[in-house]
Amino acid sequence: MTQKPPVSTTSHRAVPFWRDVRVIRVLSQISFAVLVVFAAGVLYSNMMHGLKSRGLGGGFDFLKLEAGFQIGEGITYDPSDSYARAFLVGVVNTLRVSAVGIALATILGLVMGVARLSTNWLVNKIAAVYVELIRNTPLLVQLFVWYFAIILKLPKVQESIALPGSIFISNRGAALPGPVPTASFNSWLYYLMAAVAVTIALWIGRARGARRMGRPPFSLLWVAAAFVILVTIGWFVVPGAPFVWDKPSLQGWNYQGGITLTPEFVAMLLALVVYTGAFIAEVVRAGIQAVSRGQIEAARAVGLTEAQTLRLVIFPQALRVIIPPLTSQYLNLAKNSSLAIAIGFPDLFNVAGTIFNQTGQAVQVIALIMASYLIMSLFTSLLMNLYNRRVQIVER
Amino acid sequence: MATVSEVIRPPRTSVGVPGWLKENLFSTWYNALLTFGSLGLIYVVLRGLVTWGLTRARWDVVTTNLTLFLIGPFPRDQAWRVWACVIVVILLGGLSLVVWGPVGRRFKVARRWVVIGWFLSFPLTILLLRGFGGNSVLPAVSTSYWGGLLLTFLLSIVGIVASFPLGVLLALGRRSSLPAVRWFSTLYIELIRGVPLVTVLFMAAIMLPLFLPEGVRVDKVLRAMVGFTLFTAAYIAENVRGGLAAVPLGQYEAAKALGLSGVQVMGLIVLPQALRAVIPPIVGQFITLFKDTSLVVIIGLLDLLNIAKSVVAQPQFMGLKREVYLFVAVIYFIFSYAMSYASRRLEVALGVGER
């Protein structure tokens with residue numbers, strides 16, 4: 001082995017620039033960017049060429065044109081309205097089914113997640129079967145089962161099933177009683193707003209006062225009671241009832257009055273709630289299991305009842321683990337509502353599909369769909385992140 | 001002082017069947033109420049299902065159309081090609097079970113051959129199903145004749161196999177120290193994860209032909225495969241990123257100290273550890289993809305669910321939607337459940353989360 005001459009530490013022999021890490025970093029980024037831009041450019045020019053050969057222009061001007069197609073349900077809309085209005089109807093329908101779906105799926109998931117951990121063997125196994133059955137079949141198949149195999153096979157409107165509380169179920173959907181405001185509703189509205197203001201003030205003052213006094217805050221039940229009392233006073237002070245419950249009644253071919261839900265909406269809602277509920281149940285179970293055993297034993301040791309342990313010790317800690325995956329389940333529910341197109345519920349994707357079929361403006365329509373979903377996703381995750389920050393433990 | 005202690009047997013109510021019942025079903029009064037409520041629910045559901053399934057349901061719609069459900073409109077005289085592929089896969093599966101099973105230590109050399117076999121089986125399957133134009137042994141079968149469970153499986157396997165390398169690249173890109181690469185990967189992943197799969201499929205079905213130069217035609221099945229690949233890659237990337245984050249920094253430093261180049265550090269040290277950790281989530285992703293292939297109904301491919309739709313549209317099977325959709329649900333359930341069971345076993349075998 002030959003001895004190499006010692007490398008002099010003082011001589012600064014310049015590194016050739018093609019081996020300089022800094023130069024390589026910059027060059028590789030530039031070449032990557034050029035590659036991306038070039039690929040995008042080729043795709044774009046192909047697209048423009050293709051669009052031109054099909055006689056389609058760019059821009060969103062087509063949204064002002066008359067839509068000319070019917071939409072089954074949603075906010076007021078007429079076929080003579082513009083495409084923009086039609087798209088808005090779709091967006092509102094998506095929001096409607098997602099919001100109701102998220103609320104109901106949370107309740108179902110919470111119940112099933114707790115049931116999955118029940119010490120009652122039978123309850124535990126029922127929840128396990130529910131979760132496994134639902135999680136291992138596609139949502140679209142479940143949607144078809146709900147819509148084609150259950151709801152459309154319900155009795156006809158004339159023979160609809162009456163449930164207690166004036167709820168009627170038939171193959172034309174569901175009819176529920178709904179509130180209808182009367183003449184005195186506006187004056188009652190002031191009481192309602194006052195009640196909301198007092199409730200919020202009490203809510204904030206409750207936590208603050210508790211911190212000052214160094215004592216646990218008074219029960220939330222008192223806050224709720226204040227709300228109920230104010231609203232009830234208002235109910236009796238204003239002349240006549242502010243609103244009446246309008247019960248649906250069969251007139252001709254369908255129910256009139258109250259709230260009528262179309263079979264498509266009911267099927268979509270049921271499928272989304274049952275499907276997402278199973279995933280939320282797993283999230284809840286994992287969250288509760290993440291609370292260490294010692295916490296539960298300590299709670300028992302200081303004499304809390306089982307319900308108090310669940311409410312005061314387990315849930316607040318489990319919530320921290322639950323919120324992030326719960327957020328992604330909410331987002332999944334909103335995104336999955338796009339399957340509505342398979343049963344003809346006019347959600348945003350379905351309406352946009354019709355707009356595309358009529359105008360052929362593929363690029364703009366897809367951009368609109370994507371932008372709507374992205375905004376919805378961003379907004380939901382923003383809200384959930386805010387909530388998450390509140391429940392997270394503040395570590396020192 | 002020695003005392004003779006009598007062994008007192010546990011009370012009758014805490015052992016055996018009565019003990020189990022008391023502890024698990026009737027420990028408190030509300031547990032007893034829950035038990036009776038659950039029993040009532042099970043009774044109502046089971047009675048409804050059993051009486052319908054045994055008396056009123058017409059299962060002949062399933063038995064008559066069984067081949068249709070399995071391979072769709074694939075030419076019947078060429079169906080042997082599908083069965084041949086299935087046999088190859090079953091053989092490879094059996095071999096893998098033996099080689100990696102309890103007596104697998106003796107077959108260390110054979111393992112490599114089984115892996116090569118798996119890699120070869122994929123192009124072989126595609127080749128066998130597509131065939132070539134202009135001969136009588138393997139006449140070409142257009143992809144528009146692929147359907148049923150066959151198409152469901154092909155879409156999910158192609159989707160996962162093709163999206164895996166793309167996903168790994170995106171994950172590496174998202175962790176890259178080069179801002180241009182990192183931003184591009186992050187943008188892609190978040191964009192795809194923010195929109196529903198239907199949108200991506202719709203885009204692949206409609207926009208892909210627009211993006212390509214004139215004269216290049218892509219058939220519908222391939223478009224759907226591209227859509228699934230682009231979509232799944234974003235999710236795989238996030239899984240792999242989790243795996244990469246789990247590799248301790250010391251591993252990178254040790255590898256660099258040994259003089260490995262950047263590519264070697266990734267390929268020989270980091271990725272093998274990261275990918276091992278993400279096998280279970282990737283199997284989960286595969287199950288999700290398998291279920292999600294049913295969405296091709298919306299772009300009009302003849303997968304299992306769409307075949308079911310066409311079966312209930314036949315005049316002689318009108319109004320048998322319950323039977324058909326229930327059957328389809330059961331098929332999906334069997335495969336998904338089997339895969340998730342296998343994945344749980346795999347997790348135990350790999351010892352993920354135990355070290």
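A:Val291 touches A:Ile296, A:Ile314, A:Gln317 and A:Ala318, leaving aside residues up to four places away in sequence; two residues are in contact if their C-beta atoms, placed from the backbone, lie within 7 Å. The model is predicted: local features need pLDDT of at least 70, side-chain atom pairs count only at pLDDT 80 or more, and totals for chains, interfaces and linings use all residues. Residues are numbered from 1 along each chain as its sequence is written, while chains are lettered from A and ligands numbered from 1 in the order in which they are written.

**Two single residues**

- A:Val291 sits in the loop between helix 7 and helix 8 (293-301) of chain A; helices (H or I, at least four residues) and strands (E, at least two) are DSSP runs, numbered from the N terminus.
- A:Val291 counts as partly exposed because it has 18 C-beta neighbours inside 10 Å; a residue is buried if 20 or more other C-beta atoms lie within 10 Å of its own, exposed if 12 or fewer, and partly exposed in between, with C-beta atoms placed from the backbone.
- The C-alpha atoms of A:Val291 and A:Ala318 are separated by 6.1 Å, and the two residues are 27 residues apart along the chain.
- B:Val89 belongs to helix 5 (residues 79-99) of chain B.
- B:Val89 has 16 other C-beta atoms within 10 Å, so B:Val89 is partly exposed.
- Between the C-alpha atoms of B:Val89 and B:Gly117, 28 residues apart along the chain, the separation is 9.6 Å.

**Chain A overall**

- Chain A contains 11 helices and 8 strands.
- Chain A is more spread out than a compact globule, because its radius of gyration is 30 Å, well over the 21 Å that the globule rule gives for 396 residues; the radius is taken over C-alpha atoms, and the rule is 2.2 Å times the number of residues to the power 0.38.
- Along the principal axes, the C-alpha atoms of chain A fill a box of roughly 105 × 75 × 50 Å.
- Of the 396 residues of chain A, 29% are buried.
- For contacts in chain A between residues at least 6 apart in sequence, 68% join residues at least 24 apart.
- Chain A is divided into domain 1 (83-146 + 262-391) and domain 2 (179-243), with bounds that come from an automatic or database domain assignment.
- The C-alpha centres of domain 1 and domain 2 of chain A lie 30 Å apart.

- Helix 7 of chain A has 28 residues and reaches 40 Å from its first C-alpha to its last, close to the expected 40 Å; the expected span is 1.5 Å times one less than the number of residues.
- Helix 7 of chain A is mostly covered, with 23 of its 28 residues buried.
- Helix 11 (residues 362-391) of chain A has 30 residues and spans 43 Å from its first C-alpha to its last, close to the 44 Å expected.
- Buried residues in helix 11 of chain A include A:Ala362, A:Leu368, A:Tyr373 and A:Met376.
- The cover over the buried residues of helix 11 of chain A includes helix 2 (83-116), helix 9 (306-336) and helix 10 (348-359) of chain A, together with helix 8 and helix 9 of chain B.

**Chain B overall**

- Chain B has 15 helices and 0 strands.
- The radius of gyration of chain B is 27 Å, whereas a compact globule of 355 residues would have one near 20 Å.
- The C-alpha atoms of chain B fill a box of roughly 95 × 75 × 45 Å along the principal axes.
- Of the 355 residues in chain B, 30% are buried.

**Contact between the chains**

- Chain B gives 42 residues to the contact and chain A gives 42 residues.
- On the side of chain B that touches chain A, the largest share, 11 residues, comes from helix 15 of chain B.
- The residues on this side of chain B divide into 28 nonpolar, 10 polar and 4 charged; Ala, Val, Leu, Ile, Met, Phe, Trp, Tyr, Cys and Pro count as nonpolar, Asp, Glu, Lys and Arg as charged, and the others, Gly among them, as polar.

**Nonpolar core**

- The largest nonpolar core has 139 residues, and those with the most contacts inside it are A:Leu140, A:Leu143, A:Met268, B:Leu201 and B:Val328; such a core is a set of buried Ala, Val, Leu, Ile, Met, Phe, Trp, Tyr and Cys residues joined through C-beta atoms within 7 Å.
- Helix 7 (residues 263-290) of chain A gives the most to this core, with 17 residues.
- B:Val328 touches A:Val141, B:Leu304, B:Leu305 and B:Ala308, not counting residues up to four places away in sequence.
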